[in-house]
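Me: I would like to learn how to read a protein model. Could you take me through it step by step?

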Amino acid sequence: MNGRKNVVWLIKAGLIVTVGIFAARMMNRSVLALSLIVTLLYFATLYLGYRYGSGPGAIAGMACGILETMQTGNMAALGMFCLIGALAGIFRSLSRLASALAFAAGALGVGIIYAPELIRSHSLELIAATVVFMILPGALTVREIERSSTPEDKYAAPLENPWVDRLCAMADSLGQVARTFEACKEDNIPLSRNAVVHVFEEAAQEVCGECRECGMGRICEQDNQYYVYYFLHIFEQNGLIEEERMPRLFLDTCPKREAYLERLNEGLGRLKSQDSWEGRFLESRQAVASQFKEIGDILQEFTEELVSTTDITEQLEASLSAALKNRHIQAENMLILEHGNRTQEAVLAVCTDNGCRIATRELADVVGKSMKRRFRPSKESRTVIGPEICQVKLVEDTRFMMLHGVARAVKTGESTSGDQFAFQKIPDGRMLLCLSDGMGSGPAAALESETAIELAEQLLGAGFSPERSVQLINSVLLMKSREQTPTTLDVGVVNLYTGDCHMVKLGAAATFRKRGNRVETIGAENLPVGIVTEIEVTNQETSLQDGDWLIMVTDGVLDALPGLDKEAVMEEVILRSASRNPKDFAERILREAAGEVDTIRDDMTVLAAGIWAK
């Protein structure tokens with residue numbers, strides 16, 4: 001039995017070696033504009049994930065991602081392949097089509113965010129691999145769990161909430177992938193002494209030959225290799241070894257000293273470049289690990305929210321149907337949900353029974369009075385209801401409304417501001433206020449801050465928490481550029497149901513809350529995003545009431561004010577500049593700050609937002 005197992009493992013090892021050689025030779029070959037190796041990598045990730053599950057799928061994706069990274073040099077490919085391998089396994093219990101769709105959607109979604117060049121150049125290969133997978137005979141795509149299951153397993157009772165369990169499994173899989181990356185996070189790759197010695201040996205063999213007159217040819221043979229460390233120290237300080245730093249015996253006796261030095265500097269430079277690449281690889285690996293961890297945590301949070309949502313249709317259906325019938329509205333079907341934050345929403349299939357047409361707003365009023373709450377139609381609902389059945393979604397209306405105004409000034413001599421801002425409604429009755437200051441000024445700074453703002457809008461708009469969002473933004477900015485590009489990020493999320501304000505500040509200037517004749521300063525001392533892999537997120541909580549104001553500014557505004565205590569001066573400026581109009585309020589603050597200086601030395605942005613009860 002053991003002999004048979006050994007033979008099987010030898011055959012498997014031989015196949016792996018054969019596939020590796022084939023992959024190396026086919027790296028740059030293509031047929032009909034398709035890269036064969038890239039198509040194979042996508043197909044292998046999808047097939048193994050579907051057949052063996054999310055764990056093996058993520059491992060297969062990691063192996064394929066390494067090959068793709070070797071080909072393209074894009075570290076984002078590694079993370080993308082790991083994720084889509086896990087997705088193929090997670091959704092395999094639904095159907096082969098569901099697994100393929102999750103795989104393709106994951107590749108497109110992650111690729112568009114993290115590696116747009118990669119997904120643009122390899123979109124045909126992704127499609128081809130998915131199509132090949134879908135047309136495979138059923139006998140070749142039987143899931144492994146089905147082979148080992150017993151007849152009794154087929155009739156096991158279904159889970160009470162399969163979607164929750166699948167999301168939990170997905171979060172666990174991503175967490176396991178992150179732990180796999182993090183297991184090596186303390187790795188350190190110093191410049192190897194043996195590698196340096198090898199460089200000296202190569203230079204001696206190619207230039208010196210059999211000559212041993214100056215001793216450089218046998219420097220690596222001596223027990224005391226002081227000169228190896230001496231030359232390495234010089235190279236790390238200056239980037240090359242100058243001729244005058246060589247031993248006197250070498251300068252006096254070596255007829256090929258220029259050729260020897262050229263070969264030595266070339267070898268050390270190549271070794272240093274390789275060491276730098278390995279360092280960037282480790283740094284990018286940690287960024288990928290951080291992304292997987294954050295995505296897993298996000299899924300876990302989403303699962304908790306899903307569990308906290310309660311179906312209360314049965315409790316309210318009778319009274320609501322009667323109220324609608326009195327207004328000649330017939331409800332064919334309805335679903336009423338109460339979320340963990342105690343807000344409610346209703347989805348109704350309705351029509352009028354008298355041939356008339358009514359505004360959807362009127363339907364919201366009827367539902368609100370029946371349920372003793374205030375409702376409004378969602379954006380995607382139609383505005384008029386008639387005799388034909390249509391589906392309408394009603395959401396509980398917020399208690400507060402918020403308006404904003406912005407004032408900006410560009411650094412003297414520049415045409416583009418490096419500051420960017422956002423103000424938009426996001427799910428669950430919340431309002432997003434976001435301000436970012438890119439490093440320096442001009443188009444380059446504007447591009448960095450714009451990237452941070454767009455990511456914040458997308459992530460928070462999708463329902464992610466501010467903490468998770470800024471962690472992911474930090475990872476993206478780290479992988480986006482090899483150079484450090486510090487970008488401040490000031491995020492405020494206001495709950496318009498309760499007035500609670502949740503703020504996350506990374507390297508940003510203080511924020512100010514005005515209430516009546518008092519101004520409060522909200523600040524935090526954190527590093528900007530895009531510098532280190534792991535950032536410490538500090539949360540600031542405050543509560544807003546009817547008539548309160550939030551004023552967010554960039555560093556340029558505070559730096560332009562006189563005195564040492566800039567925040568105290570700004571509080572006085574805010575009180576003097578008070579206005580009921582948000583735009584006018586922001587412009588008054590900016591005029592006072594800019595009026596104190598002759599030359600604008602940094603971009604200046606003021607975002608003023610007021611909250612009022614409806």
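Reply: Gladly! Let's begin with a term: contact means heavy atoms within 4.5 Å. Helices (H or I, at least four residues) and strands (E, at least two) are DSSP runs, numbered from the N terminus. This is a predicted model, where local features need pLDDT of at least 70, side-chain atom pairs count only at pLDDT 80 or more, and totals for chains, interfaces and linings use all residues. Residues are numbered from 1 along each chain as its sequence is written, and side-chain values use heavy atoms, leaving out hydrogens and water.

Me: How many helices and strands are there in the protein chain?

Reply: The protein chain has 21 helices and 19 strands.

Me: Which residues of helix 15 are buried, and what covers them?

Reply: Buried means under 20% relative accessible area, exposed over 50%, and partly exposed in between (1.4 Å probe, protein chains only). In helix 15, Thr313, Leu320 and Leu324 are buried. Their cover includes strand 3 (310–311), strand 4 (329–338), strand 5 (344–352) and helix 16 (360–371).

Me: What span should helix 15 have?

Reply: The expected span of a helix is 1.5 Å times one less than its number of residues. With 14 residues (313–326), helix 15 should span 20 Å, and its end C-alpha atoms are 19 Å apart, which agrees. Helix 15 also bends by about 30 degrees at serine 319; the bend is the angle between axes fitted to the seven residues ending at a residue and the seven starting there.

Me: What should I know about phi?

Reply: Most residues other than glycine have a negative phi. Histidine 328, in the loop between helix 15 and strand 4, has a positive phi of about 60 degrees although it is not a glycine. Histidine 328 is partly exposed, at 40% relative accessible area. Lysine 372 also has a positive phi, near 60 degrees; this lysine 372 sits in the loop between helix 16 and strand 7 (375–377) and counts as exposed, at 74% relative accessibility.

Me: And how do I describe two packed helices?

Reply: Two packed helices are described by the angle between their axes and the distance between the axes. Axes are lines fitted to C-alpha atoms, for helices over the stretch in contact, with angles from 0 to 180 degrees between N-to-C directions. Helix 20 (residues 566–576) and helix 21 (residues 582–594) pack at about 135 degrees, with their axes 9 Å apart. That makes helix 20 oblique to helix 21: under 35 degrees counts as roughly parallel, over 145 as roughly antiparallel, 65 to 115 as roughly perpendicular and the rest as oblique.
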